[in-house]
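Open the model in your viewer and keep the selection tool at hand.

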Amino acid sequence: MPINWIFSDPIFFVTWILAILVTLTIHEFSHAAAARFFGDSTAEQAGRMTLNPLAHLDPLGFLMLVFVGFGWAKPVPVNLGNTKNPRLAEGVISLAGPFSNFLGIFIFGIILKFVAPALGPYNLLTNFLFLLVLVNTILMVFNLIPIPPLDGSKVLFSLLPSRFDEFKYKFSINGPWILLVLVILDSFLPRSILGSFFNLILNFLARFL
């Protein structure tokens, strides 16, 4: 777990935190920018269309990411009533964050592919690029889980017809607690399901790095 790096490799732990800040900031900025593209300036007025990490940090979600490896940022406020096509806007705005992570995996992965052989596996820049790929992978996959308040739930809601409005309302209220319980339970399993899934994806990415 990342918390072990505090004692075994503190410099690597600090690099891990920096990678989280960069990735979270771009992720949330992408949500805000997508909302602005669809005509909703709520996030912009709330100061969320910025690359300042402090504007996007959720204390609990950030600590979960730093010490556990799973977490979240402060949700970007969106008023779909300001958009011309609310259902389309909800889906695209929600996917903007994970899509930014996908681009991050691609861009930082390519840079890492060329930097690592020249600088070696123990170079600080090499480690930082690797962690950027890792954190982007974690955030992309984790946020696509269709449980509120994660982005995947909003994508799911945008696809459901209006007759599911009551379900969406109740799921939105109870979703965060369901998610927290699932993450806690997963950490006590003999073999972490989420961890195994991330390892599978990282092993796949390693073929191209």
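Select Trp16, Ile20 and Leu24. In the largest nonpolar core, which has 26 residues, these three touch the most other members. A nonpolar core is a set of buried Ala, Val, Leu, Ile, Met, Phe, Trp, Tyr and Cys residues joined through side-chain atoms within 4.5 Å. Buried means under 20% relative accessible area, exposed over 50%, partly exposed in between (1.4 Å probe, protein chains only).

Now colour the helices. Helix 2, helix 4, helix 5 (86-119) and helix 6 each give this core at least two residues. Helix 6 supplies the largest share, 10 residues. Helices are DSSP runs (H or I, at least four residues), numbered from the N terminus.

This is a predicted model: local features need pLDDT of at least 70, side-chain atom pairs count only at pLDDT 80 or more, and totals for chains, interfaces and linings use all residues. Residues are numbered from 1 along each chain as its sequence is written, and side-chain values use heavy atoms, without hydrogens and water.

Zoom in on leucine 24. Beyond its neighbours within four places in sequence, leucine 24 contacts (heavy atoms within 4.5 Å) Leu57, Phe62, Leu65, Trp72, Ala73 and Leu139.

Next, pick Met64, Phe142, Leu150 and Val183. They are among the 10 residues of a second, separate core.

Stay with helix 4 (residues 59-67). Its buried residues are Gly61, Phe62, Met64, Leu65 and Val66. Their cover includes helix 2 (10-37), helix 6 (124-143) and helix 8 (165-188).

Last stop: isoleucine 111, in helix 5. Is isoleucine 111 buried or partly exposed? Isoleucine 111 is partly exposed, because its relative accessible area is 36%.
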